[in-house]
Amino acid sequence: MAGREVVAQGAKLGLLALLDAAAVWAAVSLLLRGDHLLLAVLAAGALLLNFVVLSRRAYPLRFLLPGLVFLFAMVVYPIGYTINVSLTNLQTGNLLTKSQVIAQLEGRYYLPPDHATFSYWAFRNPQGELRVILLAQDGRSYLSEGSQLLPVDLTDPRFVRGTDGTVVAFDDFTRLSLAQIYQSLPALERLDLMLEGVHVRLATVREFGTYLRKYEYLRDVDAIRDLETGIVYTAREGYFTSPDGVRIEPGFQIYVGFRNYLDVLTNPGIRADFTRVFGWTVAWSFLTVFFSFWLGLVLAYLLNDPYVRGRFFYRSLLIIPYAMPAFISALVWAGLFNTDLGVINRIIGELFGTKVRWLQDPMWARAALIFINVWLTYPYMMIVSLGALQSIPKEMYEAARVDGATGWQRFWTITMPLLWVSVAPLLIGSFAFTFNNFTIIWLVTAGRPAVLGAATPAGATDILISWTYRLAFEGDRGNQLGLASAVSIIIFVIIATISAVNFRFTRALEDVSRGV
Amino acid sequence: MYSRPSVVGLVVRYTLIGLALLYALFPVLWILSASFNPTNNLLEQRLFPANPTLEHYRRLFTDPTVPFPRWILNTLQVSGITSVITVFLCALGAYAFSRFRFRGRRAGLLGLLLVQMFPQMLAMVAIYLLLIKIKEFVPWLGYNTHPGLIMVYLGGAMGFNTWFMKGYFDTIPRSVEESALVDGATPFQAFLRIVLPLARPILAVVLIIQFITTYSEYVLASILLKGTDMYTLSVGLRFFIQQAYDRRWGAFSAAAILGALLILAIFLPLQKLIISGLTGGAVKE
């Protein structure tokens with residue numbers, strides 16, 4: 001026993017030593033890359049791991065840590081990150097950090113009116129290296145050497161001349177034909193050659209020209225000066241902006257405080273979309289829960305009736321919509337509701353000789369969605385109600401019967417109040433779940449039909465969560481990550497409120513039932 | 001609660017049940033029929049096909065342009081690994097919360113309760129950006145990888161399941177482990193050899209529910225996976241049938257039937273167990 005323990009201890013320490021060695025190796029490579037944030041995360045993680053394995057006081061943490069790592073990395077951190085992004089202007093056009101934008105601008109050049117031009121020959125060697133010989137108008141010639149241009153004497157015998165007297169090769173480099181030059185244009189455009197302090201870059205396919213730097217960052221006033229025009233662009237609201245309001249693209253990320261939240265509440269276009277989407281989200285959740293609960297309750301009542309034969313068989317069949325993976329059901333229903341091809345319109349056509357534009361008309365699309373979601377949800381309500389019905393003591397009904405209560409009276413005075421106690425919290429839970437049921441919306445209508453003139457990509461059947469998805473990922477109007485994150489947080493606040501009410505409610509109902 | 005119904009009452013009852021069955025089985029019957037129907041066009045489908053065929057099923061497994069077997073395999077892999085690891089990690093955490101008394105225990109429990117209220121997909125933008133970042137450093141764990149997706153699912157599964165299992169562990173009397181602890185077993189050994197076997201029902205519930213949940217997940221998988229070979233079934237099927245109801249309905253139906261059968265085969269025999277888990281014990285059956 002003691003021997004085995006020593007082996008186990010040794011194995012544990014050995015494993016820890018190995019992990020620590022890996023951490024040190026990773027730390028060195030991070031240090032070399034200069035990634036200090038990740039280095040700090042790594043160091044904290046390694047220290048925590050050693051503490052947990054070696055300290056007796058941290059014993060419970062050994063059980064908790066494996067799960068906590070995932071919980072923190074994939075839920076807690078993303079929540080924090082979402083809050084953070086919701087306070088920024090992160091969106092297409094403002095995706096880069098300020099220093100990235102400055103670096104990008106400082107790498108831009110312009111061709112001054114009095115620029116010198118050079119005709120050129122481009123050469124490549126078998127290794128794929130690219131070099132150019134530039135011929136100035138004053139007859140001087142230059143050869144590129146790395147990023148420098150050096151004067152060169154083309155009469156040197158290392159330069160091989162062709163029949164027309166031009167250089168066709170030197171060393172192991174051979175000259176590119178015009179067709180090859182077109183193929184190599186991206187590489188040629190990247191060339192940035194220095195000649196006595198001036199940038200020489202490709203100006204046209206046939207010429208190089210002397211370029212000047214376009215922008216200069218002025219650190220002490222946090223502004224960009226345009227060296228061509230002399231205009232100073234100061235950093236304002238995520239863009240370098242000139243005194244008359246002209247912005248340099250791209251912009252950069254900045255914190256905007258609660259502006260995204262305020263936009264949702266006060267910007268007329270966004271608020272109109274939000275109100276419409278929010279209204280439909282609530283209607284969609286409420287109607288789904290309402291219809292599926294009553295349908296489920298009626299079915300539970302029927303299946304609980306001892307005089308109905310084959311109850312178990314019916315129950316197993318009626319539960320199938322709940323047991324099917326929801327994404328499959330949604331895709332199937334989307335097909336059945338298809339306006340031109342779908343079975344449902346074919347049946348309606350044969351009965352009434354008309355077609356319902358299910359997925360193109362906003363009201364019909366909403367009706368179809370609720371119809372589908374009730375189909376998906378009623379079995380849950382049925383099971384829940386069935387369980388609740390069976391837990392109501394029979395004696396209460398006997399007593400009521402003796403007192404002469406009718407069937408309806410018994411249902412409303414005994415069954416419903418007792419059923420309500422156990423079912424109400426689940427209905428609220430179901431409401432909260434439907435509120436965020438992205439899958440059904442997305443796979444049936446994808447939020448369509450589109451709403452004409454909407455300020456954001458919010459369709460007629462979009463619920464808040466699918467609107468968020470479209471704000472963030474749907475490309476045609478850019479990715480509004482800041483706004484999308486703010487809407488996410490708003491949804492969370494709504495859901496958290498519902499849940500809090502639910503907790504209260506559950507407790508209140510428990511008190512009520514204890515009083516019965 | 002019930003009295004013997006009249007004949008009219010019975011007719012009403014069976015009629016209602018019949019209508020409900022029609023509603024419940026309507027789409028199921030249509031795709032079942034479509035999967036045996038020789039046409040691929042939704043419009044030409046009849047409920048009872050004139051000459052039924054297994055062609056669509058054959059095509060799923062032989063046509064290289066329909067990577068259906070790949071999608072099923074991906075899904076089973078991701079769901080299987082996620083659910084097994086979830087059970088183990090949540091059992092560990094639940095055991096600590098149930099048995100140990102340590103500083104921060106109450107705060108930890110409250111934190112779990114709060115975190116599990118937050119639907120993980122609300123943070124989809126953050127998760128997407130995080131996995132892209134991870135890909136820079138650990139390519140096999142980042143964006144567009146199955147281990148990355150599994151990691152995301154694991155994070156989302158921790159809160160509720162730990163909480164849920166802790167409730168069950170609380171009902172197992174401490175005395176069952178105490179003799180082992182007196183005999184010199186470590187708490188971990190007591191957990192592994194005594195408590196876990198006793199907790200088998202809850203482990204099974206969590207395993208099955210997590211498997212089904214992961215199997216059916218669409219949003220995160222659609223954001224985090226790119227390229228048809230990486231897709232799970234939910235992303236793959238949507239990709240397959242989108243805008244192609246007139247061309248692929250037959251093959252899609254066959255795939256839907258097979259995909260649903262896999263889950264139905266687990267769900268229907270074990271429905272009592274699963275439902276007790278899904279209703280959080282609020283309903284006694």
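This report describes the domains, a helix pair, the chain interface and selected residues of a predicted model.

Residues are numbered from 1 along each chain as its sequence is written, and chains are lettered from A, with ligands numbered from 1, in the order in which they are written. In this predicted model, local features need pLDDT of at least 70 and side-chain atom pairs count only at pLDDT 80 or more, whereas totals for chains, interfaces and linings use all residues.

**Domains of chain A**

The domain bounds, which come from an automatic or database domain assignment, are tabulated here.

| Domain of chain A | Residues |
|---|---|
| domain 1 | 2–86 |
| domain 2 | 98–104 + 215–248 |
| domain 3 | 109–213 |
| domain 4 | 263–515 |

A distance of 43 Å separates the C-alpha centres of domain 1 of chain A and domain 2 of chain A.

**Interface between the chains**

Across the interface, 72 residues of chain A are in contact with 72 residues of chain B; contact requires the C-beta atoms of two residues, placed from the backbone, to lie within 7 Å. Helix H3 (residues 59–86) of chain A supplies the largest share of the side of chain A that touches chain B, namely 16 residues. Helices are DSSP runs (H or I, at least four residues), numbered from the N terminus. By class, that side of chain A holds 55 nonpolar, 15 polar and two charged residues. Here Ala, Val, Leu, Ile, Met, Phe, Trp, Tyr, Cys and Pro count as nonpolar, Asp, Glu, Lys and Arg as charged, and the others, Gly among them, as polar.

**A helix pair in chain B**

Helix H4 (residues 105–115) of chain B packs against helix H6 (residues 146–171) of chain B at an angle of about 125 degrees, and their axes are 8 Å apart. Axes are lines fitted to C-alpha atoms over the stretch in contact, and angles run from 0 to 180 degrees between N-to-C directions. B:Leu112, B:Leu113 and B:Val115 in H4(B) meet B:Gly159, B:Thr162 and B:Trp163 in H6(B). This contact of H4(B) with H6(B) comprises four nonpolar, two polar and no charged residues.

**Burial in chain A**

A:Thr377 belongs to helix H13 (residues 362–390) of chain A. A:Thr377 counts as buried because it has 25 C-beta neighbours inside 10 Å; a residue is buried if 20 or more other C-beta atoms, placed from the backbone, lie within 10 Å of its own, exposed if 12 or fewer, and partly exposed in between. Not counting residues up to four places away in sequence, A:Thr377 touches A:Thr288, A:Ser292 and A:Ser430.

Terms used:
Helix = DSSP H or I, 4+ residues; strand = E, 2+ residues; numbered from the N terminus.
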